[in-house]
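Subject: Structure for you to look at

Hi,

Here is the structure I promised to pass on.

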Amino acid sequence: MQNFIFLIDRFDGTNSWRQRYEFPHKPGMTVLACLIHIKENIDPTLNFTASCRSAICGACAVRVNGNAVLACDTMVDDLREQWGEDTLTISPLGNAKVISDLVVKWDEKIHRLRKANTGLHARDEFSAHEGCRQSPEDMQAVSKQWDCILCGSCASECNKLSDDSTDFLEPFIYTHAARYAKDSRSKNPMEHVMDMERSGLWKCLHCMECVTKCPKGISPADDVALLRDLAYRAGCTEGPGPRHAKAFRTDLENTGRLNEVRLVPRTEGMTSAATKRLPFTLRMFSRGKLTPLEAARLFVADNKRVQDHDGLCRILEANRK
Ligand code: SF4
Ligand code: SF4
Ligand code: FES
C-alpha cells in the first residue's frame, strides 16, 4: 500500500493554506488516528478537536474530500477505496466559522439550538419524586432522534444553510424539535412544532445531504417533514410553503403527475407568479424548453391521469390519516 497523503486545510486566524503531509501506511487507521499521528510526529501546530474516540461525543467531525465524516469512526483505507485515490483532502466542517485549522466555532449554533428548543417540558402529572416515566414503546418512538451527538455533519453539508442561513436552522435543530414534539412526556408537543414553523421549516430544499451524512443514521429531512405535517394539520396552511405542499398533493390527487405550470401560481398566487416568474418563463420559451402553446395546454387542459391513478389515491388517503 502507498503512503498516506493528507492535504489539510490550515488557518491560523489570518492566513489560509493547504498543507501536505505524507506518512507510512498502517492498516486499520482512522482519520482521527492519522491526525493524531501528524500532530505527535510531524507537525505539533496542527489543530483539531476530538474527545471520546468512540463516535459518542461528536467533537471530531471534519470534511474529507468535501463530505462530513466522524474522524474517529472512519477508516482511511475505506476512504481510499471509496475515492479511488491515495490522497485525501481534509477540511473543517462547512457552514461554520473556522477558528483554527479544523476547529470550528459552535457558539452560534448552540445558541440557535437553545433559542429554538427550550427542552422537554414534562406533563403536570409527573412528579419530581417519581420522575418522567414512559413505556418502552413510547421511548422507541423518539430513540432515533435521541441518538444525535451534535457532531454538525448534517449542518456542514446542508445546501439551504449554504445558500442562506438567516431564515433556516441547522438540520439537527429540527431533529431536536421533532423529538420533543413526539415525546409522550411532552406537556405541549405543539409548542415545538410552532417554534419550528416560525423558523424556516418550509425552506428545506429536500437535498437529503443531512440524511446521507449523519453518522448515527438520523434523518433530519424526515424530521422536517414530520414537523411540517403536524404544523399543517394544526392549521398552518398559509404562506408559500404550505401552499406548495397543498398544490403538490392536489396534482397527485387530480392526475398523479406534477404540473409545474400550475404549481407555481398555486404556490405563489396568480399575480406574484405572473410578475415575478415572467422573466424566467420568457427565458424558457427563448431556449426552447417550453412553447407558449404547451404552457397554455398544461395550464388549462392537462387532465390525463397516470396509469392506476386509483391506487395512488388510496395511498394518499391512507397517508392522510
Ligand atoms: S434535506 Fe433540508 S435540512 Fe437536509 S441538508 Fe437538505 S436542505 Fe438541509
Ligand atoms: S443529526 Fe446526525 S449529523 Fe446532525 S448533528 Fe446529530 S448526529 Fe450529527
Ligand atoms: S472523538 Fe468523539 S465522536 Fe469522534
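Which element gives the most to the shell around ligand 2? That would be α7, with three residues. Before going further, please keep in mind that this is a predicted model, so everything below is computed from predicted coordinates.

Staying with ligand 2: there are 16 residues around the ligand, and those that come nearest are Cys148, Cys151, Cys154, Phe172 and Cys214. Two elements, α5 (153-157) and α7 (171-182), each give two or more residues to this shell. Sorted by class, the shell has ten nonpolar residues, four polar ones and two charged ones.

Now the overall picture. The protein chain has 321 residues, of which 27% are buried. I count 16 helices and seven strands in the chain, and its C-alpha trace spans about 70 × 65 × 40 Å along the principal axes. If you take the contacts between residues at least 6 apart in sequence, 65% of them join residues at least 24 apart.

Next, the sheet. Five strands make up an open sheet with mixed pairing, and the order is β2-β1-β5-β3-β4. β2 (16-23) and β4 (67-70) are at the edges with a single partner strand each, so one side of each has no neighbour in the sheet. From one strand to the next, the twist averages 35°. Within the sheet, β1 (residues 4-11) and β5 (residues 87-91) run parallel and are joined by four bridges. If you want one pair to click on, take Leu7, whose bridge partner in β5 is Thr89.

The axes of α11 (residues 240-254) and α12 (residues 260-268) come within 8 Å and cross at roughly 145°, and the crossing is right-handed. On the α11 side the contact involves Pro240, Arg243, His244, Ala247 and Asp251, which meet Leu263, Arg266, Thr267 and Glu268 of α12. By class, that contact has four charged, three nonpolar and two polar residues.

That's what I have on this one.

Cheers

Conventions. Residues are numbered from 1 along each chain as its sequence is written. Chains are lettered from A and ligands numbered from 1 in the order in which they are written. This is a predicted model: local features need pLDDT of at least 70, side-chain atom pairs count only at pLDDT 80 or more; totals for chains, interfaces and linings use all residues. A residue is near a molecule or strand if its C-beta atom, placed from the backbone, lies within 6 Å of it. Ala, Val, Leu, Ile, Met, Phe, Trp, Tyr, Cys and Pro count as nonpolar, Asp, Glu, Lys and Arg as charged, and the others, Gly among them, as polar. Two strands pair if DSSP finds at least two bridges between them. Axes are lines fitted to C-alpha atoms, for helices over the stretch in contact, and angles run from 0 to 180 degrees between N-to-C directions. A residue is buried if 20 or more other C-beta atoms lie within 10 Å of its own, exposed if 12 or fewer, and partly exposed in between; C-beta atoms are placed from the backbone. Two residues are in contact if their C-beta atoms, placed from the backbone, lie within 7 Å. A crossing is left-handed if the near helix is turned anticlockwise from the far one by less than a right angle, and right-handed if clockwise.
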